[in-house]
Amino acid sequence: MSRPHVLLTRRWPLAVETYLADRYALTINSDDRPMDEAALIEAMRTHDAICPTVSDTVGAAVIEAAGARARIIGNYGVGYNHVDVAACERAGIALTNTPDVLTDATADLALTLILMVARRAGEGERMVRAGAWPGWAPTQMIGSELKGKTLGLIGFGRIAQATAARAHHGFGMRIVYSAPRRQPAEIEAAVSATHEPSVEALLAQADFVSLHCPGGAATHHLIDAARLAIMKPSAILINTARGTVVDEAALAAALAAGTIAGAGLDVYEAEPQVNAALLRLENVVLLPHLGSATTETRIAMGMRVAANLEAFFAGTAPPDRVA
Ligand code: 8YV
């Protein structure tokens with residue numbers, strides 16, 4: 001039997017590319033630039049599996065392309081809001097993701113942002129690099145401490161729980177979360193978390209708010225002008241989830257007006273574009289979607305896709321099937 005044809009829409013870590021090339025007829029988009037719709041449709045017709053990333057839009061036109069040969073979409077990433085799940089279901093195409101393996105890296109990045117914003121690290125680094133540091137002063141660039149502060153988590157899945165563990169056990173923060181589903185008592189107890197059913201009530205009490213819900217229609221602009229207005233003027237908003245969860249224009253206005261004190265963002269509404277008003281503000285730290293960007297995690301993500309493909313082509317259930 002000929003080997004299944006597999007497409008990677010971007011360059012992956014070499015170790016994973018080599019692993020896949022040993023097992024499949026592998027096509028790699030060596031340009032390493034997002035493929036357009038026409039290229040993705042053509043790939044659906046010529047491959048048995050396509051493996052996209054968050055930088056690809058895999059909509060119904062791609063999934064339901066006439067003459068599609070692909071039977072599985074092995075997404076490289078845990079979030080799959082860039083793939084039309086309903087179209088996969090209609091077309092009977094399997095969709096898999098890569099949970100677990102990026103939990104620690106993403107939680108580490110949430111803490112990186114919390115600390116950077118709280119201690120004004122981006123602002124300080126810009127000042128030093130600009131040659132504008134006048135020297136140490138008792139009142140210079142004063143930030144805030146984490147100990148005893150309340151971290152409000154929106155969403156309480158794997159990444160939120162790992163963020164809570166770091167914040168609670170490492171930094172002495174109090175944990176409150178809001179999520180559609182309350183977690184079992186032992187999961188709450190592990191980080192002394194309190195469940196707060198109302199997002200508004202959570203926003204009103206949190207010193208730091210960190211977003212850990214999925215993207216997509218259900219969470220679009222969950223944080224909007226009205227909800228930003230409920231937050232404390234000293235509060236800091238962190239987003240390592242999906243850019244669409246926050247109304248970026250409303251956030252920029254809230255940061256400029258002092259409605260909240262600061263923000264740390266790793267994700268944006270229209271990546272790689274960043275709202276121009278945010279770029280002008282000092283009290284926001286802006287990272288280029290680095291959540292899972294460690295050597296260990298990016299290899300593990302690729303191997304997780306490989307495990308899903310292997311199961312699928314062996315005729316068994318892929319472990320991470322989401323549609
Ligand atoms: C990935 C992410 O790098 O996995 C996710 O959902 O947001 C990132 O950590 C990206 O999605 C890869 O497709």
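Close-up 1. The axes, lines fitted to C-alpha atoms over the stretch in contact with angles from 0 to 180 degrees between N-to-C directions, come within 8 Å and cross at roughly 50°. H5 and H7 are therefore oblique to each other (under 35 degrees is roughly parallel, over 145 roughly antiparallel, 65 to 115 roughly perpendicular, the rest oblique). Helices (H or I, at least four residues) and strands (E, at least two) are DSSP runs numbered from the N terminus. Residues are numbered from 1 along each chain as its sequence is written. Local features of this predicted model need pLDDT of at least 70, side-chain atom pairs count only at pLDDT 80 or more, and totals for chains, interfaces and linings use all residues.

**Close-up 2. Residues in the contact of H5 with H7.** Contact means heavy atoms within 4.5 Å. On the H5 side the residues include Thr-103, Asp-104, Leu-111 and Leu-115; on the H7 side they include Arg-158, Ile-159, Arg-166 and Phe-171. The contact residues divide into eight nonpolar, three polar and four charged (Ala, Val, Leu, Ile, Met, Phe, Trp, Tyr, Cys and Pro are nonpolar, Asp, Glu, Lys and Arg charged, the others, Gly among them, polar).

**Close-up 3. Lining of the second largest pocket.** H5 gives the most to this lining, with three residues. By class, the lining has nine nonpolar, six polar and five charged residues.

Methods
Heavy atoms only, no water.
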